Number of protein chains: 2
Amino acid sequence: MPTSTMTHDPHQPRGLPRIVIIGAGFGGLEVVRGLNLAPAVVTVIDKTNHNLFQPLLYQVATAALAPSDIAVPVRSLFTDMPRVGTLMGEVTGVDTDNKLVHVKGVPDIPYDHLVLATGSVYSWFGHDDWARHAFTLKTLDQALALRSSLLAAFEWAESRTDPDEIRRLLTFVIVGGGPTGVEMAGAIAELAHATLARDFRRIRPNSARIVLCEGGPSLLAGFPDKLSAYARHHLEDLGVEVKTGAQVETVDRDGVVAGGERIFAANVLWAAGTAATPVAAWVGAETGKGNGIKIDEHCAVPGLDGVYAVGDCTYMEDAAGHRLPGVAPVAKQQGAHVAKVLMQRLIGEPLPQPFRYDDQGQLAMVGRSAAVADLGGRVKMTGLVGWLLWSVVHLFFLIGARNRITVYLNWVWAWLTYGRGARLITAIDPQVRRDFAHLDEIAAHRPVLPPAA
Amino acid sequence: MPTSTMTHDPHQPRGLPRIVIIGAGFGGLEVVRGLNLAPAVVTVIDKTNHNLFQPLLYQVATAALAPSDIAVPVRSLFTDMPRVGTLMGEVTGVDTDNKLVHVKGVPDIPYDHLVLATGSVYSWFGHDDWARHAFTLKTLDQALALRSSLLAAFEWAESRTDPDEIRRLLTFVIVGGGPTGVEMAGAIAELAHATLARDFRRIRPNSARIVLCEGGPSLLAGFPDKLSAYARHHLEDLGVEVKTGAQVETVDRDGVVAGGERIFAANVLWAAGTAATPVAAWVGAETGKGNGIKIDEHCAVPGLDGVYAVGDCTYMEDAAGHRLPGVAPVAKQQGAHVAKVLMQRLIGEPLPQPFRYDDQGQLAMVGRSAAVADLGGRVKMTGLVGWLLWSVVHLFFLIGARNRITVYLNWVWAWLTYGRGARLITAIDPQVRRDFAHLDEIAAHRPVLPPAA
């Protein structure tokens with residue numbers, strides 16, 4: 001290769017300590033931000049090329065927002081940070097003895113300090129085969145597959161003649177009554193009962209059945225009872241069947257069995273329990289509940305030199321002995337703390353005070369003009385006020401001015417028209433998936449012919 | 001099925017004539033628009049659920065626009081036209097004797113009048129195996145696969161060590177010097193040399209090689225020589241290697257052989273010849289050049305009762321005996337004409353004057369602040385003036401106020417920052433393609449268990 005294609009190589013730093021961060025989510029990015037001026041070479045590794053604003057992912061899955069409204073290329077965030085490099089790749093393991101990160105198809109990445117920030121995955125309560133029959137919602141690709149499936153169900157129903165099959169296509173089951181389940185149930189109800197209501201000629205989209213199954217006694221466990229009850233009533237007003245105390249017993253190609261009832265449904269969304277990504281196994285560390293890697297008061301992994309972990313992949317308790325929740329603020333605050341610890345270490349200063357989570361409260365969207373907010377103490381909001389707060393907070397935390405403007409305009413437009421601007425069915429043609437498969441070949445391929453003279 | 005899920009069925013109309021339109025592109029939609037007040041039941045069939053604004057598809061493929069900026073759900077266009085129904089499905093043939101359209105997995109659709117508006121596909125000059133190694137750009141899915149592949153090439157190059165492989169990943173070949181080839185070459189050059197320039201640490205994106213191969217003597221055949229020459233010079237200024245008179249001899253997994261030169265390239269875009277979709281074979285009609293179905297002066301297919309065809313799938317000559325080009329204005333004007341013919345027939349009035357194409361000129365984008373416009377006679381524009389005209393015309397013809405605003409804002413933002421707002425790599429993980437494959441099962445599936453009691 002002509003040398004002109006290469007600049008300096010951050011993997012071969014000139015004597016600077018090497019910090020490797022695995023995962024470019026809320027936690028990982030916060031670490032990088034805090035290391036802006038650090039005397040170190042930083043490498044961020046992620047499986048995808050983008051940072052994803054997960055709290056709005058359900059709006060991509062329900063056609064309200066475009067993927068690019070809530071995702072930004074990881075490396076575009078570090079354009080002006082020449083010592084920060086980005087690597088798109090899949091980590092397969094960590095060698096803590098030799099301080100190396102193994103990445104699929106790439107030479108090992110050496111580190112002096114390592115931060116694990118890989119987040120969580122959905123757990124299937126021991127029924128991994130259920131994954132074949134249900135969608136989950138963690139990545140952009142999953143959101144796009146779900147969006148295509150939701151919209152295609154209406155399209156297919158319009159052209160079918162078997163009443164049972166039409167009914168099955170127009171039944172949507174959401175498993176799990178946490179924020180994601182509540183948000184998705186409300187959004188699907190609005191899609192069916194408002195956006196699509198007048199666009200079909202044979203089926204009636206507003207006859208669609210939307211069932212939200214929660215195994216526990218109430219929705220939004222962890223929110224005050226009053227807010228849980230509000231969410232339930234509002235969803236029921238939107239036409240959602242809310243089934244609490246309805247443990248899911250089966251998920252199969254016909255739908256689900258929940259609370260003893262067989263529900264025939266083409267689309268099942270799994271939004272139940274999550275578990276930490278299995279990073280603890282990479283480094284051979286101890287785990288707590290939900291497979292989270294145990295970390296100390298500085299988010300370091302005990303017994304390992306220079307290994308830290310933040311966010312959903314960790315297990316940490318607050319002063320009262322409760323596990324910190326798997327939410328963005330925890331990940332961000334832990335990320336900022338690790339950056340501070342690393343910075344102090346790099347410049348030889350004493351460590352900061354131990355990490356303490358500053359809980360600012362929690363929010364959940366229930367539907368158009370309706371959200372719940374629990375800001376601690378006695379400050380609780382519902383309805384339009386909660387919804388405005390929810391909107392402002394989410395716009396504020398979005399990354400990038402362009403995305404803020406686009407999301408804001410989309411919301412205003414949707415509020416005025418009930419429209420959803422991204423009602424596109426994509427990648428459902430097997431022929432097209434072959435185009436994407438062609439990419440695998442490009443990724444794997446090295447020239448077989450001798451180079452041209 | 002409870003009767004409440006069904007409204008009236010346009011496939012079982014109450015005595016009204018049935019008009020079926022296959023294809024929801026420029027031509028097909030124009031037919032429906034003209035039939036707004038017709039005493040007929042209209043069914044539009046398309047393989048996808050959206051109308052696509054093809055002239056801006058290259059901007060989706062190069063990460064400047066989101067898919068939803070240039071596509072709208074077909075059925076959302078007919079919300080207020082209760083006699084117009086939409087069917088997402090794949091047409092497999094037409095029975096002209098019994099006046100039936102065969103659609104995969106759906107009962108036959110009867111028609112009294114049929115309009116074929118299925119557009120064109122890329123032709124491989126007898127080398128169909130080349131399709132496995134090159135991208136084309138006709139559908140949203142193809143644009144997304146290409147976008148992922150272009151962006152992934154830079155990501156993979158950043159982590160590779162073999163100089164030949166890095167060079168191959170950073171080489172992009174575009175075959176065909178028509179508007180699409182010119183637009184893509186300019187856009188990839190800007191992506192590599194401006195947008196991505198400072199985002200990588202090991203590779204230098206602005207060392208990327210972008211080669212535009214055209215078999216003929218000049219770019220933009222059909223445009224005046226002065227404009228072709230301008231396009232060439234401007235592309236060369238952007239760093240594109242323009243090879244005219246360079247016939248492509250091979251397309252394989254290593255790249256291409258063009259004009260005798262072997263070019264190693266991971267990404268090859270095929271933007272060379274197009275051919276009509278094979279609708280002539282469906283109805284057993286005569287074809288002209290490029291496999292276009294021959295139509296008469298009212299866009300009717302000779303020898304068949306009530307069958308019309310419009311747009312890229314047709315073959316029609318102008319007064320001078322030249323084939324009408326495969327461009328949007330031809331399709332739209334033919335579509336409007338067929339609507340008029342059908343309307344007159346339905347109300348028993350005499351047919352309109354024979355169709356005549358009103359050529360308003362042609363436009364092609366070369367790059368930032370540079371386009372060429374040939375408005376007939378002596379009116380020719382280049383550079384910023386051509387670009388402004390190009391922008392205004394494309395915004396004007398986009399469907400939907402929301403899309404116009406979004407595209408306009410994206411262009412302003414891109415012009416100010418060189419940024420591209422949709423730099424996302426999606427659907428490259430085989431695991432995700434399995435999620436999409438799950439959709440096939442939903443589509444094909446009928447319940448196997450007895451309905452619940």
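Reply:
**Helix packing in chain B**

Helix 9 (residues 383-397) of chain B and helix 10 (residues 401-417) of chain B have axes that come within 9 Å and cross at roughly 155°. Helix 9 of chain B is therefore roughly antiparallel to helix 10 of chain B (over 145 degrees; roughly parallel is under 35). Their crossing is right-handed, the near helix being turned clockwise from the far one by less than a right angle. Helix 9 of chain B contributes B:W387, B:W390, B:S391, B:H394, B:L395 and B:F396 to the contact, and helix 10 of chain B contributes B:R404, B:V407, B:Y408, B:W411 and B:W415 (contact: heavy atoms within 4.5 Å). By class, these residues are eight nonpolar, two polar and one charged.

The model is predicted, with local features requiring pLDDT of at least 70 and side-chain atom pairs pLDDT 80 or more, while totals for chains, interfaces and linings use all residues, and side-chain values use heavy atoms, without hydrogens or water. Residues are numbered from 1 along each chain, and chains are lettered from A and ligands numbered from 1 in written order.

A second pair joins helix 1 (residues 26-34) of chain B and helix 8 (residues 328-346) of chain B, whose axes come within 7 Å and cross at roughly 30°. These two helices are therefore roughly parallel to each other, and their crossing is right-handed. Helix 1 of chain B makes the contact through B:F26, B:G27, B:E30, B:V31 and B:G34, meeting residues of helix 8 of chain B that include B:A328, B:K332, B:G335 and B:M343. This contact has nine nonpolar, three polar and two charged residues, with Gly counted as polar.

Key. Axes fitted to C-alpha atoms, helices over the stretch in contact; angles between N-to-C directions. Helix = DSSP H or I, 4+ residues; strand = E, 2+ residues; numbered from the N terminus. Parallel < 35°, antiparallel > 145°, perpendicular 65-115°, else oblique.
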